[in-house]
Each structure stands twice: as C-alpha cells, then as structure tokens.
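Here are my notes on the model, point by point. Please keep the structure open while you read.

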Amino acid sequence: MAEIRRSFARRAGESAFGALLVARIVLVLLVAALLLAGGARASWDTAPHAMFPGDRDSGEMTLSVCDRDVCSGPFAPTGQTVELHQTIGREAGEKLPVALRPGTDEAVVTGLPGILFAWAPLMGGLLLAAVVIAGGLRWYRTAWSLAGTALAALGVTFALWI
C-alpha cells in the first residue's frame, strides 16, 4: 500500500492548530492559577492569626458596641478595648475566642469558624477558577469538583459563623 504524503502547508497548519490548542490550555490554566493565588493572598492576611493563636495574644472578647463595619469590646486577659472587623452576624453581648494581630488592637476570631472565615477569599477564588475551567477548557467534572468543594466550605463557614 502506497504511503500518502501530506503537503507542507497541511502539516504546518496541523502543527499551528496543535500549538494553538496547547497555548489555550496553558493560558486558561494560568488564569485559573492566578485566581487561586489571588484568593490565597487575600486570605493569608488573616489566616495565620486565626490558625495559630498560640503564637499571639489570645483570649476572649466580649462585643460591647457593634456598628456596620466593626465591633469593639474588652479583651479578656488584658482588659484593653479591641476591634473586630468580621461583623457578619454579630451582636453586642457575644463572647468570642480571638487572637490579636501583633502590634495592633485588631482581633481575629480563632477556632474552626474563624479559620474558615479567614479562608473565604480562597473559596471565592475556587468558585471563579471553576467557571474559568468549565468555560475555557470544557473540563466540566473538574470544574464541578472545584465548585462543589468551595460551596461546601462556604456552607460550613456560614453554618458555623451564624
């Protein structure tokens, strides 16, 4: 049987199309990785304080005044007034386990609810990356897995936070 040779133009076209497919995959994965890195970067501002309270001043905060943006109240071991910027679902009179950010009067909630709340931006990044992966790569199972993980973590955060 005779071997059929393709023309140079056809081979070049097939190679260029393959290169474009690889470039699309790399670009979409790069965008998804950038979204995840952005979420991790935004979370890392608060997460270490919530995850490792033993390294910081930790204790209990009683919320005395809560407005739209911040709650303030006394910090149990020292008695100083500290501020809590995580005000969702909080009311005056609640007592929360907190850790202080070094060198400030800002408190961060510790324990599982505080850790999950601190990582909420990463969960948002996971949701956005799932949309990018589903739309750009058509990897629907991977996208549903990422979105399901993020939604489950956000649901647990909401359930524990309120």
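1. How many residues does α1 have, and how far does α1 reach from its first C-alpha to its last? α1 has 36 residues and reaches 52 Å, close to the 52 Å expected at 1.5 Å a residue. The expected span of a helix is 1.5 Å times one less than its number of residues. Helices (H or I, at least four residues) and strands (E, at least two) are DSSP runs, numbered from the N terminus.

2. A word on the basis. This is a predicted model, in which local features need pLDDT of at least 70 and side-chain atom pairs count only at pLDDT 80 or more, while totals for chains, interfaces and linings use all residues. Residues are numbered from 1 along each chain as its sequence is written, and side-chain values use heavy atoms, with hydrogens and water left out.

3. Confidence next. pLDDT is the predictor's confidence in each residue, from 0 to 100. The chain averages 89, and 98% of the residues score at least 70. The mean is lowest in strand β2 (residues 65-66), at 88. It is highest in α4, at 96.

4. Back to α1, and to what it packs against. Its buried residues are V28, A32, G39 and S43. Buried means under 20% relative accessible area, exposed over 50%, and partly exposed in between (1.4 Å probe, protein chains only). The buried residues of α1 pack against α2, α3 and α4. Contact here means heavy atoms within 4.5 Å.

5. Buried residues in α4 include M123, L126, I133 and L137. Their cover includes α1, α3 and α5 (140-161). After α4 comes R138, whose phi is positive, near 65°.

6. The structure holds one aromatic pair. The ring centres of W44 and W119 are 6.0 Å apart and the planes lie at 50°, so the pair is tilted. The rule: rings of Phe, Tyr and Trp (its six-membered ring) pair if their centres lie within 6.5 Å; planes under 30 degrees apart count as stacked, over 60 as edge-to-face and the rest as tilted. W44 sits in the loop between α1 (8-43) and α2 (47-51), and W119 in the loop between α3 (111-118) and α4 (120-137), so the pair ties together parts 75 residues apart in sequence. W44 is partly exposed, at 45% relative accessible area.

7. There are two salt bridges. Each needs a side-chain nitrogen of Lys or Arg within 4 Å of a carboxyl oxygen of Asp or Glu. D45 pairs with R101, the closest N and O atoms being 3.9 Å apart. D45 lies in the loop between α1 and α2, and R101 in the loop between β5 (95-100) and β6 (106-109), so this pair ties together parts 56 residues apart in sequence. E106 also bridges to R101, with the closest N and O atoms 3.7 Å apart. R101 is buried, at 17%. D45 is partly exposed, at 47%, and E106 is partly exposed, at 25%.

8. Finally, the core. The largest nonpolar core has twelve residues, among them M61, F75, L96 and W161. Such a core is a set of buried Ala, Val, Leu, Ile, Met, Phe, Trp, Tyr and Cys residues joined through side-chain atoms within 4.5 Å. β5 gives the largest share, three residues.
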